[in-house]
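Visitor: I have a sequence and a model on screen. Please show me how to read them.

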Amino acid sequence: MPVVPVLPEANEVYDAIMREIEPELTTALLSTLEQTYKNETPEQAETRSVRYRAALVEYEKRFNAYMLELEGQVRGFQKAASVYAEAQESGADQTKLDQLETALSF
């Protein structure tokens with residue numbers, strides 16, 4: 001029996017990718033940003049905004065690559081499941097033919 005690919009939750013995928021790019025934008029830290037940066041200057045806020053925009057562009061690239069990989073895994077599973085099902089069906093058919101031959105040989 002082929003192994004079904006693991007499909008993580010959306011927030012798990014987001015966090016796994018974003019953690020490598022910009023940890024401040026992970027779901028656990030998003031709600032803390034306002035407090036963390038409450039005293040920053042407008043220039044600092046703009047610098048951070050530019051950094052975050054770049055992080056989101058990079059996230060999109062990595063997410064698309066992840067989805068292509070996952071799609072390949074799912075297609076591989078579909079093919080393996082089809083081959084497995086055909087083999088099972090063929091084996092069942094052969095068993096019936098063997099039983100019929102045995103019954104007719106007496």
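Visitor: What is the mean pLDDT of the protein, and what share of its residues reach 70 or more?

Guide: Start with confidence, as this is a predicted model. Where pLDDT is low, the predicted coordinates should not be read in detail. Here the mean is 87, and 85% of the residues reach 70 or more. By element, α1 has the highest mean, 97. Helix α4 (residues 42-104) has the lowest, 85.

Visitor: How many helices and strands does the protein have?

Guide: Four helices and zero strands. The pattern along the sequence is α-α-α-α.

Visitor: What span should helix α1 have, and what do its end C-alpha atoms give?

Guide: Count 1.5 Å a residue. Helix α1 runs over residues 10-21, twelve residues, so it should span 16 Å. Its end C-alpha atoms lie 17 Å apart, which agrees.

Visitor: Which residues of α1 are buried?

Guide: Val13, Tyr14, Asp15, Ile17 and Met18. Across the protein, 16% of the 106 residues count as buried.

Visitor: Which residues make up the largest nonpolar core?

Guide: The general idea comes first. In soluble globular proteins, nonpolar side chains tend to be buried together. In this model, the largest nonpolar core has nine residues: Val13, Tyr14, Ile17, Met18, Leu25, Leu33, Tyr52, Ala55 and Tyr59. The largest share, four residues, comes from α1.

Visitor: Which residues does Ile17 touch, leaving out those up to four places away in sequence?

Guide: Ile17 touches Tyr59, Arg62, Phe63 and Tyr66. Of these, Tyr59 is also listed in the core.

Terms used. Residues are numbered from 1 along each chain as its sequence is written. This is a predicted model: local features need pLDDT of at least 70, side-chain atom pairs count only at pLDDT 80 or more; totals for chains, interfaces and linings use all residues. Side-chain values use heavy atoms; hydrogens and water are left out. Helices (H or I, at least four residues) and strands (E, at least two) are DSSP runs, numbered from the N terminus. The expected span of a helix is 1.5 Å times one less than its number of residues. Buried means under 20% relative accessible area, exposed over 50%, partly exposed in between (1.4 Å probe, protein chains only). pLDDT is the predictor's confidence in each residue, from 0 to 100. A nonpolar core is a set of buried Ala, Val, Leu, Ile, Met, Phe, Trp, Tyr and Cys residues joined through side-chain atoms within 4.5 Å. Contact means heavy atoms within 4.5 Å.
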